[in-house]
Amino acid sequence: MNRFPHLLSPLQIGETEVRNRILVSAHVPGFAENNKPGEKYIAYHRNYARNGVGLQITGGTPVHESGLLGLAGDGLWNLDDEIVSGYQSLGDAVHREGGRILAQLAHSAGTVLINQPRRESWSASAVRSETTGNIPHEMNASEIREVVDAHGAAAARVAAGNMDGIEILGAFGFLPQAFMSPLTNHRKDGYGGSPENRMRFVLEVLETVRAAIGPARILGLRVPGDEFEPGGLSLEDMKVIVSQIADTGLIDYLNVIAHTNITHLGRARHWAPTPAKHGVFVHLAAAIRSVINIPVFTVGRITDPDHAESIIAAGHADMVGMTRAHICDPEIVTKIKRNAIKQIRPCVGANTCIANRYLGKPIRCMHNAFVSEPGSLLGQTAEPRRVVVIGAGPAGLECARIACERGHEVRVFEADRTVGGQLALWAAAPSMGELGDIIRWRISELDRLSAQVYTNQPMSRDDVDRLDVDVVIIATGSDDYCRTVAGDHHIEIVSPHTLLRGSTTQAKKALVCNEGRGQAGLAAAELLLKQNVEVEIVTSDIAVAADLDPTNRNAWYERLGRKNCCFTAGNVVDRASSNTVTLRNVFDDRRSDRSGIDLMVDWPGCRANDEMVGDWEGAKFDVYSIGDCVAPRTVENAINEATIIASKI
């Protein structure tokens with residue numbers, strides 16, 4: 001019996017049928033070349049189509065110079081006819097695999113700061129963005145007409161490129177939303193004031209685009225189900241707006257998300273990281289679906305096929321976006337069709353993909369190193385070898401997994417009683433348990449592949465020399481440590497890892513010195529707050545967790561702030577006397593005291609556990625070192641290094 005009768009059933013969207021209800025929604029992977037679809041971009045989408053995705057959508061593609069999403073060449077631009085041949089190649093590649101692909105047309109309004117001469121951004125009103133500080137130019141009537149016409153010209157290029165249709169980006173605070181929302185539309189003319197006036201722009205865009213592509217191609221609109229902002233659009237407002245838009249007959253579907261990019265929390269929440277609940281926006285889609293009679297798409301941390309099936313079965317939506325899940329594992333549909341559900345690599349909401357885009361880099365995944373090589377396959381080894389991996393953290397487990405997949409005989413030795421290394425410790429934080437799926441999946445895969453994993457088994461150089469082995473992988477990770485604090489004090493000083501390993505504390509007031517970046521210090525703070533310890537986080541950086549991407553950083557701020565955690569940036573511990581800790585401002589040398597401190601959590605980062613990383617000259621086997629034992633870095637780096645080595649041995 002088909003376990004996914006609803007999810008795998010076809011869907012009629014306008015005059016087009018798509019083969020199932022699984023959507024890879026619009027996102028910018030960073031693989032474009034000179035703002036056009038090149039070989040890697042096409043391979044990226046071809047891979048999703050080859051693996052059975054029902055519908056996929058290009059990332060937001062600007063239609064006018066006043067609404068660019070950035071200046072780099074790694075995203076698509078639809079500003080002139082040079083895009084047409086790229087669309088043709090992209091559409092053909094997806095169609096040959098049985099898929100359907102839309103082009104998303106976009107105008108960023110006031111959400112993006114371009115900050116170049118003669119390249120000001122245009123929007124409905126000159127409302128400042130919290131996230132970028134941008135204050136856009138308020139469009140006049142002729143400029144509105146110019147941008148509407150630009151949508152029509154861009155749509156004609158999409159049609160000429162034989163794409164299946166268009167999605168207009170009317171969410172994220174982009175131009176259609178900027179006009180629709182009283183939060184960003186303060187106009188006094190025919191495009192502002194009443195709901196009817198504020199809808200005028202989006203209706204003109206839809207009329208122009210539909211005229212350009214004709215009735216046969218798909219036309220959809222992405223909208224916020226709720227802005228969740230004081231003075232912004234509510235769900236009840238949106239139900240009225242979408243009903244009126246659907247009644248025009250111009251569009252074939254609605255794609256529902258939430259929030260606006262002009263506010264800090266809005267921008268972070270629409271890409272909700274762990275521990276946000278799965279299906280965070282489904283209720284919005286369901287409410288909107290109840291008032292219209294065209295298909296409704298939903299998105300927002302839908303990572304499990306069974307969850308996706310239940311959403312469709314319950315009638316909450318007609319199509320389910322599983323975009324980050326597919327970045328993590330492009331073979332989801334292939335695996336569910338062969339009933340290999342446990343083999344699906346689980347998206348854990350780490351948002352490494354989004355963090356890389358914030359930095360202007362191509363997307364990557366915390367634990368799928370093949371994102372940048374779409375469609376690549378692991379080659380089977382012609383010469384099976386006996387491989388020993390020392391260390392069962394993320395790097396060691398991934399290296400072992402890939403080596404097994406390629407046909408090698410693999411044994412893993414871990415000194416600790418449990419596997420997972422530091423990642424397993426972070427997963428012990430109250431909100432970070434989902435990260436443990438990265439480890440659990442690899443253990444499940446190694447069991448399926450019949451690899452041997454030994455815990456509580458420390459290894460020395462002599463132990464390794466006695467093994468019958470062809471390849472040794474050193475993946476011993478890194479160790480935490482605490483610094484010495486000057487002064488005459490009796491304050492207990494521990495590392496975050498000590499707490500995350502389960503150590504109890506009787507402390508009432510703690511200072512967390514978060515210099516090591518990453519999330520270990522934050523995880524320890526969260527654990528203490530759960531135990532009703534008063535916590536202040538101190539860092540010498542310009543902000544606490546300044547190196548985290550905004551989606552994760554803002555989510556941490558929200559969670560810890562609700563527990564009354566105090567954040568102090570630009571300070572370091574100077575000394576401690578009795579139970580008073582003196583902080584020193586790194587910019588102006590001012591001192592300030594914190595009294596009553598009975599616990600300090602010190603997080604300066606880790607030191608490489610590199611005792612076995614050394615001279616192996618004369619060894620009768622090949623030796624490689626990967627991950628933090630070389631230098632402490634990220635889980636993403638560790639898994640990438642593991643992939644590189646396991647693919648070559």
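Which elements do the buried residues of H6 pack against? In this predicted model, the buried residues of H6 pack against H3, strand S9 (165-169), helix H4 (175-180), helix H5 (195-198), strand S10 (218-224) and helix H7 (235-247). The buried positions of H6 are Phe201, Val202, Glu204, Val205, Leu206, Thr208, Val209, Arg210 and Ile213. H6 is built of 14 residues, and the distance from its first C-alpha to its last is 20 Å, close to the 20 Å expected at 1.5 Å a residue. Just after H6, Gly214 adopts a positive phi of about 80 degrees.

The axes of helix H3 (residues 141-160) and helix H6 (residues 200-213) come within 8 Å of each other and cross at roughly 30 degrees. Angles under 35 degrees count as roughly parallel, and H3 and H6 are therefore roughly parallel to each other. The crossing in which H3 passes H6 is right-handed. On the H3 side, the contact involves Ile144, Arg145, Val147, Val148, His151, Gly152, Ala155, Ala156 and Ala159. These residues meet Phe201, Glu204, Val205, Thr208, Val209, Ala212 and Ile213 in H6. By class, the residues of the contact of H3 with H6 comprise eleven nonpolar, three polar and two charged. An α-helix has 3.6 residues a turn, so residues three or four places apart point the same way. Among the H6 residues that meet H3 are Phe201, Glu204, Val205, Thr208 and Val209, and these are also listed as buried.

Helix H7, one of the elements against which the buried residues of H6 pack, also packs with helix H9 (residues 282-289), at an angle of about 45 degrees and with the axes 9 Å apart. That angle makes H7 oblique to H9. The crossing of H7 and H9 is right-handed. From H7, Leu235, Met238, Lys239 and Val242 take part in the contact, and from H9, Leu284, Ala287 and Ile288. The contact of H7 with H9 has six nonpolar residues, no polar residues and one charged residue.

A further helix, H21 (residues 635-648), has 14 residues and reaches 20 Å from its first C-alpha to its last, close to the 20 Å expected at 1.5 Å a residue. Buried in H21 are Val635, Glu636, Ala638, Ile639, Asn640, Ala642, Thr643, Ile645 and Ala646. The partners of these buried residues are helix H13 (352-358), helix H14 (394-405), H15, helix H16 (436-448), strand S17 (471-474) and strand S28 (622-625).

H15, one of the partners of H21, spans residues 421-426 and contains Leu425. Leu425 has a relative accessibility of 13% and so counts as buried, the cut-off being under 20%. Residues up to four places away in sequence not counted, Leu425 touches His497, Leu500 and Arg501. The C-alpha atom of Leu425 is separated by 8.8 Å from that of Gly436, eleven residues apart from Leu425 along the chain.

His45 is buried because its relative accessible area is 0%. With neighbours within four places in sequence left aside, His45 is in contact with Gln56, Ile57, Thr58, Leu90, Val94 and Ile101.

Notes. Residues are numbered from 1 along each chain as its sequence is written. This is a predicted model: local features need pLDDT of at least 70, side-chain atom pairs count only at pLDDT 80 or more; totals for chains, interfaces and linings use all residues. Side-chain values use heavy atoms; hydrogens and water are left out. Axes are lines fitted to C-alpha atoms, for helices over the stretch in contact, and angles run from 0 to 180 degrees between N-to-C directions. Helices (H or I, at least four residues) and strands (E, at least two) are DSSP runs, numbered from the N terminus. Angles under 35 degrees count as roughly parallel, over 145 as roughly antiparallel, 65 to 115 as roughly perpendicular and the rest as oblique. A crossing is left-handed if the near helix is turned anticlockwise from the far one by less than a right angle, and right-handed if clockwise. Contact means heavy atoms within 4.5 Å. Ala, Val, Leu, Ile, Met, Phe, Trp, Tyr, Cys and Pro count as nonpolar, Asp, Glu, Lys and Arg as charged, and the others, Gly among them, as polar. Buried means under 20% relative accessible area, exposed over 50%, partly exposed in between (1.4 Å probe, protein chains only). The expected span of a helix is 1.5 Å times one less than its number of residues.
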